[in-house]
Amino acid sequence: MRKAQKQQAEELVKQIEEAHDQIKKYIAQGCMQSAMELLEDCQNGGITIGTLIEETEGEGHPTVSLLEEYCELLYQIHTDLAENKEINANKIYKLLRQKLIKVDNSLKNDIQGRIEAVFLPYKASMWDSLESVWRAANEDPNCDAYVIPIPYYDKNPDGSFRQMHYEADQYPDYVPITKYDAFDFGTHQPDMIFIHNPYDSSNFVTSVHPFFFSDNLKKYTEKLVYIPYFILDEIKPDDDAAIEGMEHFCITPGVFNADKVVVQSEDMKQVYMKALMGATNDYSESARKYWSGKILGLGSPKIDKVLNTKKEGLEVPQEWLKFIEKPDGSWKKIIFYNTSVVALLQHNEKMLEKMRYVFQVFQENKEEVALLWRPHPLIKATVESMRPQLWMEYDKLVRKYREEGWGIYDDSADVDRAIALSDAYYGDASSVVQMYHQTGKPTMVQSVDVIEHNNHQMRQVK
């Protein structure tokens, strides 16, 4: 039985118990018809509880047997009243109370309330921000966990929706998928809903379907939990300049609408609290207590995923091996080259020039080093929408790289595979850097202004 259903049944028992008090008064006052009507209401309540238990726990449950005994007593009292038999109000009250206490105890002790947790990822590449929480829920015998990938849309400059994306087929085989249009949120009313997209309508490039906006999801659950899909550079709560530079991450609709927000560290919790109190212009002690209870610095599931993904357990695509293996069967050093949306939009053609040079250097060293290029999964949607001409030039660069066929192009949803497989990181500053640091392997952030030193950097990596 769902936890909410069990609470509903327990509440109904309390209402029946209150009716007993009124039945006792009616009998004492000689209002037998009113007492009989209340007895019928109590019986209907007992039948409702029994039907719910049979539907969720199966027939023959001990609580149902106790409810049957209780209903038989109600029927007998009702019959005695109808036949005008002499009735002792206190005795009737005591008998009803004894039977109902047995029902209540059985309901509390013999039925385990099950929790229903729903996970709503939208991009498969961001599933790692929810996976470890889902694993814990899925392994809990008293929890029903649903993974429901939701559709999202590219947006036109005027804010209208363009192409729809639905990535349910890109999740790991061990993750059971429920289709978003096959799950009735109104009927289920999940105990908990987990999201990693906090933007609702405020993202100018992409949007999840409006049904899955955080302000709407709140209608269907008692606990909406937001876990960021990104990891930020750690900053100190007293670094006001750094907080100002990242506060836009903290004041999204999802943060305000969620009942709980799980962030990557205790310091980041304090940063969020400071940004939110500033955004609401409320620095009172009650505000601090509210945000402190809402923002939880429990750590990011993305780090859990990185640490739990081992190189020896990976399934390496066959087409990648031709870039990785040397003629003698040994492996080359694998460099994870990560390019971000922000760097491309910030530096435009200069960033493309940097990437061309990086590719040239790695191509010249392809006998010893394998390049694994993994661009940010939202580059196409973002750049195509905001800088169409830049997108055309970038797309030419991608097609040239893939057609030349000397390096790996990773457009999969699995960033953790790239992190585990590679020997070092090179590329833009992004949340991936924070994840890569957890591995203890070398990381090097590229500078768009540095080109002539790349050959020396390559020798260092090798």
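# Helices, rings and burial in a predicted model

User: Which helices should I look at to start with, and how do their axes cross?

Analyst: This is a predicted model. Take helix α2 (residues 32-57) and α3: their axes come within 9 Å and cross at roughly 165°.

User: Why is α2 called roughly antiparallel to α3?

Analyst: Angles over 145 degrees count as roughly antiparallel. The axes of α2 and α3 cross at roughly 165°. Therefore α2 is roughly antiparallel to α3.

User: Is that crossing left-handed or right-handed?

Analyst: The crossing of α2 and α3 is left-handed. By class, their contact has 17 nonpolar, 5 polar and 2 charged residues.

User: What about helix α3 and helix α4: how do their axes cross?

Analyst: Helix α3 covers residues 62-82 and helix α4 residues 89-109. Their axes come within 8 Å and cross at roughly 165°. The cut-off for roughly antiparallel is over 145 degrees. So α3 is roughly antiparallel to α4. The crossing of α3 past α4 is left-handed.

User: Which residues make the contact of α3 with α4?

Analyst: On α3 they include Leu-66, Leu-67, Tyr-70, Leu-73 and Ile-77. On α4, Ile-92, Leu-95, Leu-96, Val-103 and Leu-107 are among them. The residues of this contact divide into 13 nonpolar, 2 polar and 3 charged.

User: What makes Gln-98 partly exposed?

Analyst: Gln-98 lies in helix α4. Buried means under 20%, exposed means over 50%, and partly exposed lies in between. Gln-98 has 42% relative accessibility, so Gln-98 counts as partly exposed.

User: How many residues separate Gln-98 and Leu-321 in sequence, and what is the C-alpha to C-alpha separation in space?

Analyst: Gln-98 and Leu-321 are 223 residues apart in sequence. In space they are 73 Å apart, C-alpha to C-alpha.

User: How many aromatic pairs are there?

Analyst: The count comes to 33 aromatic pairs. Phe-183 and Phe-185 form an edge-to-face pair.

User: Why is the pair of Phe-183 and Phe-185 called edge-to-face?

Analyst: Two values matter. Rings pair if their centres lie within 6.5 Å, and planes over 60 degrees apart count as edge-to-face. Here the centres are 4.8 Å apart and the planes are at 75°, so the pair is edge-to-face.

User: Are Phe-183 and Phe-185 buried or exposed?

Analyst: Phe-183 has a relative accessible area of 7%, so Phe-183 is buried. Phe-185 has 3%, so Phe-185 is buried.

User: What makes the pair of Phe-230 and Phe-249 tilted?

Analyst: Planes under 30 degrees apart count as stacked, over 60 as edge-to-face, and the rest as tilted. Phe-230 and Phe-249 have 50° between the planes, with 4.8 Å centre to centre.

User: Where do Phe-230 and Phe-249 sit?

Analyst: Phe-230 is in the loop between β7 (223-226) and α8 (240-246). Phe-249 is in the loop between α8 and α9 (253-257). They are 19 residues apart, and the pair links distant parts of the chain. Phe-230 is buried, at 9% relative accessible area. Phe-249 is partly exposed, at 23%.

User: Which residues do ring pairs link into a cluster?

Analyst: The cluster includes Tyr-337, Phe-359, Phe-362, Trp-373 and Trp-391. Tyr-394, Tyr-401 and Trp-406 are also among its members.

User: How do you know whether Asn-257 is buried or exposed?

Analyst: The place of Asn-257 is in helix α9. Buried means under 20%. Asn-257 has 18% relative accessibility, so Asn-257 counts as buried.

User: Which residues does Asn-257 touch?

Analyst: Leaving out residues up to four places away in sequence, Asn-257 touches Asp-200, Ser-214, Asp-215, Lys-218, Leu-224 and Lys-294.

Conventions. Residues numbered from 1 in each chain as written. Predicted model: local features only at pLDDT ≥ 70, side-chain atom pairs only at ≥ 80, totals over all residues. Heavy atoms only, no water. Axes fitted to C-alpha atoms, helices over the stretch in contact; angles between N-to-C directions. Helix = DSSP H or I, 4+ residues; strand = E, 2+ residues; numbered from the N terminus. Parallel < 35°, antiparallel > 145°, perpendicular 65-115°, else oblique. Left-handed = near helix turned anticlockwise from the far one by under 90°. Contact = heavy atoms within 4.5 Å. Nonpolar A, V, L, I, M, F, W, Y, C, P; charged D, E, K, R; others polar. Buried < 20%, exposed > 50% of the residue type's maximum accessible area, 1.4 Å probe, protein only. Phe/Tyr/Trp six-rings, centres within 6.5 Å; stacked < 30°, edge-to-face > 60°.
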